[in-house]
Each structure stands twice: as C-alpha cells, then as structure tokens.
Amino acid sequence: MLPAHGDLWGASVTDPMIEVRGLWKVYGHRAERIVGSPEADLPRNELEARTGCVVAMREVDLDVAQGEVFVVMGLSGSGKSTLVRCLTRLIEPTAGTVRIGGVDVTKADDQQLLDVRRHKVSMVFQHFGLLPHRSLVDNVAFGLELQGADKGQRRELAANTLELVGLRGMGSYKPHQLSGGQQQRVGLARALATNPDILLFDEPFSALDPLIRREMQDEVIRLRSEVRKTMVFITHDLSEALRLGDRIAIMRDGRFVQVGTPAEVVMNPADDYVRNFVRDVPRSHVVPVDAIMDPLGDGPFGGDISGDTKVRDVVGRVATTELPLRVIDGAGTPIGSIDRMGVLSVIANEDL
Amino acid sequence: MALATASGPSNATAPTFGVAGTRRWILPVATFGLLAIIAIAVNPNVPSWMDIGLQKWVRDRYMWTVQNSNSSWIFTGVFNPLSDAINWLVESVQWILRTLRWPGVLALFAAIGWMTAGMRAAVSGGLAMAGIAVLDVWEPAMVTLSIMVTAVGIALVIGIPVGIWTSRSDRAERIVRGFLDTAQVMPAFVYLIPVTIFFGIKYPPAVIATVIYAVPPAVRLTSLGLRSVPTVMNEVGESFGCTSWQQLLKVQLPMARKTILLGLNQVIMMAFGIVVIASLLGADDLGNLVLKGLQKNDVGAAFVPGLGIVLLAVALDRISTGERSTSTRPPLIKLPTVERRTGTLIALGSVVVAAAVAKLADITAIPDALAVDISGTINDAVGWVQDNLRKGVPIIGGTQAINDFLVTDVLEPLRKFLVWLPWLLVVVVVAGIAYLSKGWRLAVGCSICLLLIGTMGDIPGGADGRTHLWDLSMDTLSQVLVAIVISVAIALPLGVWAGRSDRAQQVMRPFLDTAQVMPQFVYLIPVLFLFGVGRGAGVVASVIYAIPPCIRLTGLGLREVPYTPREAAISFGATKRQELVKVQLPLAFRSIMLGINQTILMVLATVIIAALVGAGALGLVAYEGFTKPIQKIGQSAAAGLSIVFLAIVLDRITQAWGTSPEQQRRS
C-alpha cells in the first residue's frame, strides 16, 4: 500500500516555489541545435566526435514546493551541479525555463537577475567560496553589502547569523583560522544572512570529515524545522540524500532517472541503476510505517503511532506488546495498524 | 542553539582587535616625530665628514690593477688565465660560426628549432636569421652570438649542478637563495664595474657579467624542476633500490626535464639582454653599434643594429622555447614523422650541406643585391617625425610637448623638492614608510641604505662646483618615482583588462611576449626617435620597458583568482564591477603588488641605460666609468652603489606590500 507513485519527472507540486521545464545544458559550438534533436541521444563519445558538443543536462522538469527539501543525487558528471547552477544562471541554460517565486529567471534582464540572486536565492558551495581577505563577519555580510545595506546594519545582522550557526563571537577571525566544518558554517551563515526564500546547496559537505558531515546535516535538519526555507540540495552521498530529502531525484547522464520520496526510491527503484544504488540501504531506516501498515482493524491496539515514523523506530514498541499498534496521520485520524510481523518482515527482507 | 557547540578556533592566535589600539601608535609616532625634528634641525646637506673615501679607494685599486696586471700573482695566476680561457672559448665559437658561414648558421638555427619545437620554430628562427643577413649586420651579430653562447654554456655548467645540489639540501637552498635574490635585484651595470677592474675589456668581462646574470635562473629552475617531482615518484625509485645517482638520472632529471628546458629558455634570454649591454665594454657587436648610433644621436645608425638585436632575440627565443609551444599551436605543415635519431641526422646533415655549399660557392657575405640598407629611410622617417609628431599634434600637443611637460612641470619641481628637503628628513620619512609597510627591521635596513648613500662623497660639477651624490640620487629618485607612477597608471588598467577579457589578452599577448625577450637597449631607439634626448626621454624609455611585466602579472593575478569565490559572489548578485572590486582585485592583490615590485626593478634597471638618452643623474656618472675609467672609475662605482641602495630600499618596501599580514607575522 504505497502512496501514489509521484510523478516521475518531479512536476507534481501545486503552486511551486521553483518550477523548471525542459531545461537543457549543452556545451560546444552552436549548442542549441542539439537540444531535442535525435543526436542528443547518442552516447557521449559519439556525440562529441560528431558534433563537438557535450550534453551536461537534458530535458529536466522539476517542481519544488514552498518549504520542501529537494535533494538531487548523482555521481560526478551526472549533471547535478550544472542543474543547480542553471537555476540562477550561474551557468546559462541552453534551453528551457526556470521560474523562481513566479519570476521567469531565464527571461529576466540583468537587473531582475541580480534581484533574484540578491534577495530570493542564496547558495552554499562545496569549497565554501569564502573570501580569504575578509573577516567572518564581512564574509557573512557579503550578500547584504551587495544589496547596499549600510555597514552597521549589515554587521549586526551578520553577527546574529554567525551566532545562529554556532560561531558566536568569532566574527573577527579570518577564514583560514577555521576548520573546514567551521568554514562551511560561515558559508551557511552567508547564505542565510540575506534571508532568501530559497537555499541552494552544491555538495556542501562532501569536503568534510564524516563526523563533521553528520553534524552539518543535523544543522540543515534543524534549519529546516526552524526557518522553513525551500532548499535544493545537491549530493553524491545516498545516505545524505535519504536523511535530508523530502523528495529525492536520482540523476544520471544529465537526466532524472527517478524522483520520489526516500521510501519510494528505496522500495521501488525505477531501474537497475537506482536499484544498485539503494541495494545496501536498510529498508527500515527509510520506510515509514504508513507505507507498510495493514488496514485498520477493530483492535484492541497496544498504542498509537504516527504514520511517518520510520519502521526501525517502532521496533522497540512492537517488542513490548503483543497487540498491534494503531497508525494515525498528521491530524490524529487512525488510518491503519501495524504489528510485530509487519515490522519484522521489513527488517528480514533488508538484505535482498 | 543546537550544535552551537562548535569547537574553538583551530588556530589559537586570535587577532588583537582594539587591544590598546591607540597606545600602539604612541611609540612609533613619537619616535619618528622626534627623529624628524632632529633631521630638520641639523645640517640640511650631507656633512662632508661622512665621506668614507670610497671613490678614491676604488680609483687607487683600479690604478693598481692597471699597473700590476702583468706582475701580481692574482693577475698572472688567476684573472689573466681565466680571461685567456674565456677569450679562447669565444674565439672558438666564432671560428665555428665563420666556418659554417651564414647559410650554415641559418640552417643550424632552423635545425635546432625543428628538433626542439617543430617546423614553426624552424621557419621563424631561420627567417629571423635571414633578416639579420639581409640587414647586413651579420658580422656583429655573430660576435654577440658567440659571447652569448659561451656565457650560457658556462652558466649551465655552473647552474645545473648547483641547482641539483640545492634541490637536495635545504641548507644549500637557503644559502644559495640569498645570493640569487641579491643578484636578481642588482641592475646589470653594477656588475660591470668590478668585472672590468679584474678582467679588462672586450670579451672576458662581457662573458663574466653575463654569466653572473644567467646563473640564477639556471639554478632556480633546475632546483624547482627537481623539487616538483612528486614524492611518490621518489618513493617508487627508492623502493626499487635506486642509488642516489640512479634516482637523479633515471627518475628526477627526466621528470624535471620540462621545467629545466623552460629554464634554458630563460637563461638564454636573460643572457642575451646582458650581452647587448655588455657591449659598453668594447666588444664590436650589435649592442656596440647601437651605442655608437645613440651617442651620435643618429637614429638611422642605431636602428639597423637595433633591428638586428630584435631579430636575433626572436630567433633565439623561438628555437629555445621547446615543447612549450608545440602543444598549443597547430602544426604548420604536417611532415612525415621520423624517428628521433633519424631526425637529428637529417637536421645535422642539412647544416653540413649548407655549410659545404657555402664554402664551395665561396659565399662569405650576403650578396649585395639582397642586402638592404634601411638607415637612410629611417633617417627620413625621423625627419618626418620631428616635423610632424613632435609638435602641433591636436590635443596631446606632440611628443616634444609631452617631453617638455614631463621635464618642466613634473620632473624638475620634484627633483628640486627632493634636493631641497633636509637629507635626514628624507631618511626619516622613508624609514617611516618602511615601518608602516613591515616593521622596525625594514625601517632600520632602509635607513642604513640611505645613510650609506650619504657616505659616497661628492663629485665635480653642478652649480657650486661640487655636487654630492645624495643630490644626484634625489635626481634619479625623482625620475624613478615619476616613471613608476606613469608605468603603474598605464599598466594596471591594461592588466585588469587583459585579466578580464580573453580578447584583450589575445591582442596584448604577442606584444608582451616579444617585449619580454627584448634587451632594454632596443627601447631607447624609438624613444630617441620620438622624444629626442633628455630626462623626459629617459623616463619614457623606463616606462616602456617596465610596463609589460606589470600588465602580465596583473592579468595573471586576476586570472589565477580561484573561481569558487567569484562564483559565490555572482550567486549573491554581484555585478561585474562588484566582482572585480570586492573579489578579484583583493584576491589578486599580492600578484598585483608583485607586478608593481617588478615594475620598480625594471625602472631601476634602466637608470644607467636611460643616461644614454640624456637622463643624466646617477646613471650618467655610473656610465662614464666605462668610457673614461682612469679619471672616473671611482665616482662611477659610488654612483653604481647609490643606485643599488635605492634599488634595495624601493624593492624591499614594495615587496612588503605584496606579503600578507599573516606571512609577516610568521616571518
């Protein structure tokens, strides 16, 4: 009993914050002619040999809802960094449209584009991109400075934002005095300081140690609950994607192979490529109970449990009672039940 | 705040903001203030007791060498045999070049170019040499070439082993680097004075001076190449049981080959620049012909050998550029590829054939029918320029007007002001600048250098019958400062442009590349052409010479700014201008400062040469030592040393601007 399989191309959200249609990026001479042509489907080497062009991203459709965390996952060269850069035209897309908060970015003139970049969208970079000659406060205040905010105001705001990411009182340090994790906190603070609607993350934690990485992921989860920003998060790390994403897009050779919730991707991989990826993921870590519950019976029940609880988190509960648990949705309405056998069957099948 | 438990700063040295912010300034301000008051209160001119008698000492040494050059052991046992050996080497090279005759030499250049860099280099190298033949300056060009070949050979024989040594020992590196740094800052002329004393005139001093200049790049690039061999490759060698020698011969040298070859090109071009200058010592080469033309103010006579220098520089550069060029340019003609050995045989064979044909046909000089005499045309052009460009050009007024403006409204007031200032006040002000730039140590060092200029004594001439070298130094300083300001004002915007626009970079690159390999001498000719003789012309010559490295380093610095911070700036909505001002320029700051530092060194290097077009001051005094050594060698040495002291002060202060505060704290 899975929820309806989300639209494969990710265009399923009403009133989206980010709306992408038919987005292409082709590198090379006269790249436009490749878009939508039969040649675009040639293997990479052959296309390059024949036309001198390389397709980095093809035919991407994507909707991200207000407050959603959308993760794009793919290996290097899959086009995920290209995608996130095309959203604010750091890389100029070859074809297609991008609308952000209702503004058509792809048709925007210079001033409109600057406005989007300055007020609506901020980005966090893999290699931080901090300015080494500036103190932390002035790094964080950079976006505000570009907007033309006066010095006192932007410094105060920047100092507050530094505090938000746990770097209180370190505003006068220079970036090189910080560890990698701390530097990325500054990168995060810089992105938050302009109070944008949307945060873009380009593999922000891949340069960090595993422990620090986890810490930073927690930070993002915390931010999501506290500030409810719309986020697009690029990563090559599946566990990171599953941990952070409301929805995940798996990208390969410049296109989306599958888009869905973590549970959907793990339970119903769209093809062998995705299956290979998710093979080692413990199902119980990503599958919520409402995805495997039985129809609501008459009871009696050993207690209530929220439908979005992950299966592994109910193991303790079902172990202490013979009775099934009643599953309720966000509004508290009972929608089904789950018992010890249901939980164990998920865990037992994990290694398939 | 969750996760607000971030660990403390990884580096415990927190900046000391506001800590005793004002108190920190009290001591320096008080010190320099007090010193300034003292400086104003005491004698505004350099007191005569400060003269340490250097001029007389040098003159006496020189006279002694002249009188004892055939009796003292130091000459009969060391310098004279060395001179003889160098003479023999130079003459041997000349004999080979003569035996090959011009067709053979032409073929040799083409063959070397073909073997090292392919067809394109062969053609351009051969064509440039043919140009020299056609201009009818073949004989002097061969003299220049023979001095250079000898000097480069000696420089490599010294430089490569020293480079290997310094690459293997950090201590050797430290010791040698001190020497190399000093050698590089000194204007070439400064070497010439002691070298003349010990080695007389003509070839030997020219070769020695050139060697001194060409050894540093040879050492540096050999060492750099060997040190840049990845550690893992050395480990591979060791783990398979290489001895130290095997390691060097089989792993390190082959892997460092590219860098070392690039070094060879630099060594050759460095050497070439000095060989041309060394003509002042009386070798009958191209530089000497230029010099004679300049002395007679005969642009036509200077132009032809000047063009010869340019052609020879181009030929040498092309055939020694090596693999650097082949990868970036498409081949000119697709030749059937031959094995390396066969290729070498073909190339050498063609040289032998060309030489043999030349001998059989008895070709010694270029046939008169082919030779072109362009000096007349040049002189006509000079006449036209004098009539049309020097005056009466709309808006800018013509080159003469620029010259006059420079001299009467800029240089002369500045010179008068600097000379008028109490001399100790100048020392205190410079020390203050040095303190602000880096700290007490630099302030003390700069003061000592300037005070030493005060010990150089005075020379005949000037309004009062005697002029102190301090006043001449202020004259030179005024010219140098003006030249630096003009150079930077022109070069920085061009550099920024080249750094941001690929098109601009493409347009400028050939000019910059050519300018880089041209000896300073060559720049005097067009300057003389347009501006005539005088201090204005001297400044213009310095500016032309100094601009290219500044453009190049500024452009390079901007281009080397990592893309991530720029992209971050763009993503936050930076305009092009904001990206430049807030990201690129600050991050390229050190590189730009290095460019300015180079500009200053270049300007100082032209001080003596600028004297040849009438810049006067220290340069003229230093130069006269070569023309009338017996009377003027003492004051020439004193002037040369004064130039060095000025150079050290300006170099060190601007170098400090280029190092970041973090580095300063560490050092």
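Predicted model: local features only at pLDDT ≥ 70, side-chain atom pairs only at ≥ 80, totals over all residues.
**Stop one: β7 of chain A.** Select residues 198-202 of chain A, which make up strand β7. Is this strand enclosed or open? Five of its five residues are buried, so β7(A) is largely enclosed by the rest of the structure. Show the side chains and look at each face in turn. On one side you'll find Ile198(A), Leu200(A) and Asp202(A), and on the other Leu199(A) and Phe201(A); every one of them is buried.

**Stop two: the neighbouring strands.** To get your bearings here, pick Ser122(A): it stands opposite Leu199(A) of β7(A). Next, bring in residues 230-235 of chain A, strand β8, which runs parallel to β7(A) and is joined to it by five bridges. Now trace the chain from β7(A) to β8(A): the path goes through helix α8, residues 210-227 of chain A, and the β-α-β crossover is right-handed.

**Stop three: where the chains meet.** Zoom out and colour by chain. The contact draws 31 residues from chain A and 25 from chain B. On the chain B side, select α23 (563-571) and α24 (576-587), each of which supplies at least two of the residues touching chain A. Which element gives the largest share of that side? That's α23(B), with six residues. Finally, colour the chain B side by residue type: 16 are nonpolar, eight polar and one charged.

Note on methods: Residues numbered from 1 in each chain as written. Chains lettered and ligands numbered in written order. Contact = placed C-beta atoms within 7 Å. Helix = DSSP H or I, 4+ residues; strand = E, 2+ residues; numbered from the N terminus. Nonpolar A, V, L, I, M, F, W, Y, C, P; charged D, E, K, R; others polar. Buried ≥ 20, exposed ≤ 12 C-beta atoms within 10 Å, placed from the backbone. Pairing = 2+ DSSP bridges. Right-handed = clockwise from strand over helix to strand, strands pointing away.
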